[in-house]
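Hello,

Here is the structure I promised to pass on. My notes follow below it.

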Amino acid sequence: MAVGGVALGLALGLAALVALVAVLLWRRRAVAVAGWVCVAVLGDLGRSPRMQYHALSLARHGRDVSLLGYLQSVPHGDVLRSDRIRLVPVRELRGLRVGPKLFQYGIKVIVQAAQLLYTMLTIDRPAYILLQNPPGLPAIAVAWVACLFWRSKLIIDWHNYGYTIMSLSHGRNHPLVQIAKWYEKLFGRLSDYNLCVTNAMKEDLWVNCNIKAVTLYDKPASYFKETPLEIQHHLYMKLAKDYEPFKPRCVTESVSLSAERSAFTEMDEGNGHVMKTRGRPALLISSTSWTEDEDFSVLLKALEDYEQYINEGVKLPSLVCVITGKGPLKDYYNGLINKLHFKHIQICTPWLEAEDYPLLLGSADLGVCLHKSSSGLDLPMKVVDMFGCCLPVCAIHFECLHELVKHNENGLIFRDSSELAEQLKMLFLEFPTLEGKLHNFRKNLRASKQLRWDESWDQTVLPLLGQNE
C-alpha cells in the first residue's frame with residue numbers, strides 16, 4: 001500500500017539519519033561527568049510531574065540536573081528554586097501544513113530528531129540520560145545517540161507505550177502505529193536500565209519486548225497532603241476572584257456579619273477563626289490532560305443523574321465540580337458543559353498553579369478519575385496524588401487499576417455513568433455527616449501510611465545509579 005510505503009520510507013530515513021550521526025560522532029566521544037544527569041521529556045515540563053520528581057530526587061542526592069523539555073507551563077516552585085537543576089528548553093515544533101498528513105508527520109519527526117540531538121549535545125556532559133517514554137519517537141533513538149557521544153548510560157522511564165496512545169486516534173493497524181510499535185521495541189532494547197510504573201508493564205516489557213525493567217510506582221510528593229482549614233480558606237478566596245463556583249452563596253447563612261466568606265468557608269475577621277459554612281456544597285475534583293483516553297461525557301452524564309436525584313427529593317448537597325488541566329479536547333468538553341443547565345451543580349475548568357493544585361486536592365471531598373489506559377498497563381498519577389491528600393476516589397475500571405485503587409477500601413471503581421451516579425448518591429447522602437463510606441475511605445487512607453516518592457525513589461532508583469559510581 002502506498003501509504004505504508006511512504007511511512008516505511010520515512011522510518012528508514014530516520015533510522016539512517018540516526019545511524020549516520022552515530023558513526024560521525026563515534027570518534028568524537030567525550031567522557032561523561034559523574035555528577036550530571038539529563039532528565040528529558042519531549043513534552044511540557046510543567047505537566048510532567050514524575051520527571052520533575054526525578055530531577056528533585058537527583059538534586060537531593062547532590063547531582064546536577066539538566067531538565068530538558070518544553071516550557072509551556074511553569075514547573076513546580078521546588079524545581080525553580082533548586083540551584084542544582086538547570087532548565088533546558090526545547091522549542092515545540094508545530095506540524096507542517098503542506099502535503100499529506102503522513103508526510104507532514106515524517107518531516108516533523110526528522111526535524112525534531114535533529115533539534116533534540118543538537119540540544120542534548122550542547123548540555124553539560126551527563127553520566128546518565130533519564131528519558132520519559134512516551135513520547136519516544138524520535139526521543140529514544142536520539143537519546144541513545146547522545147549517550148554514545150557522551151559515553152553515558154540511558155535510562156528509559158516507561159509510563160506507557162506510545163504506539164497504544166497513537167492507536168486511539170489512528171487505529172491499531174495504521175502504518176504509523178505499526179512503525180511506532182516496531183521502533184519502540186527496537187530502540188527500547190538499547191537502553192542500559194529501564195523503569196516502569198506498574199508490575200503489569202514490567203511483565204509485558206519482558207515478555208513482549210525482552211526488556212528488563214524495575215517497577216517504580218508513582219508516589220505522591222511530600223506536599224500532597226490534607227490542607228489545613230485556614231489555608232483552604234485563603235485558597236478559596238484566591239480562586240473566587242476568577243471562578244464563580246468559589247464565591248459565597250446567600251449571606252444570611254453566615255454565623256457572623258463580619259465574616260469573610262467563600263462558598264465553602266468563612267473567617268471571622270475579628271479573631272481570624274475559620275470554619276466551614278453551613279449548607280456548603282460538596283467539592284468534587286478531577287484532573288485531566290483532555291485527551292482521548294479520558295471520556296468526560298461519563299462524568300457529565302453522571303452529574304445529570306445526580307441533579308435528577310436532588311429534583312426527586314433525595315437529600316444530597318449541591319456540588320461544585322472542578323476539572324483542572326490543559327489539553328486538546330478542553331474546548332470540546334467546555335462546549336458540552338456550557339449546554340448543561342444545572343440548578344444544584346456548578347462546573348469550572350481552571351488551570352491551577354503548580355503550588356495550588358495539591359492544596360485544592362487536600363481540600364476536596366471526593367476525587368473522580370476517568371483515565372482509561374491505552375495499554376491497560378499504566379496507572380493514573382492523579383489518583384496517586386489524591387491518595388497522598390487522603391482524598392477518596394471514584395475511578396473508572398481498566399485492567400491493572402487494582403494495583404492502586406482497592407474497591408470499597410480507599411475508593412470505588414465504576415464502569416459507566418450510571419454506576420458513577422449511584423456511587424455519588426451513596427457517598428454524599430446526608431453530607432457532610434462524619435459517618436458512612438466517604439468518611440471510612442478517608443480514615444483508611446490516613447491509616448495506610450503510604451510510601452512517599454522520596455523513600456520509594458531512594459529504594460528503587462538510587463541503587464541503579466550506584467552501580468556505575
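Contact here means heavy atoms within 4.5 Å. Axes are lines fitted to C-alpha atoms, for helices over the stretch in contact, and angles run from 0 to 180 degrees between N-to-C directions. Helices (H or I, at least four residues) and strands (E, at least two) are DSSP runs, numbered from the N terminus.

This is a predicted model: local features need pLDDT of at least 70, side-chain atom pairs count only at pLDDT 80 or more, and totals for chains, interfaces and linings use all residues. Residues are numbered from 1 along each chain as its sequence is written, and side-chain values use heavy atoms, with hydrogens and water left out.

Confidence comes next. pLDDT is the predictor's confidence in each residue, from 0 to 100. The protein averages 87. Helix α1 (residues 2–26) is lowest, at a mean of 52, and β14 is highest, at 97. Over residues 27–31, pLDDT stays under 50. Where pLDDT is low, the predicted coordinates should not be read in detail.

Now the sheet. Six strands form an open, parallel sheet, in the order β13-β12-β11-β14-β15-β16. β13 (345–348) and β16 (411–414) are the edges; each has a single partner strand, so one side of each lacks a neighbour in the sheet. Strands pair if DSSP finds at least two bridges between them. β11 (residues 282–287) and β14 (residues 366–369) pair over two bridges. Helix α14 (residues 417–428) lies across β11, β12, β14, β15 and β16, at about 160° to β16.

Last, helix α13 (residues 381–388). Eight of its eight residues are buried (under 20% relative accessible area; exposed is over 50%, partly exposed in between; 1.4 Å probe, protein chains only). They pack against elements including α2 (49–60), β11 and β14.

Best wishes
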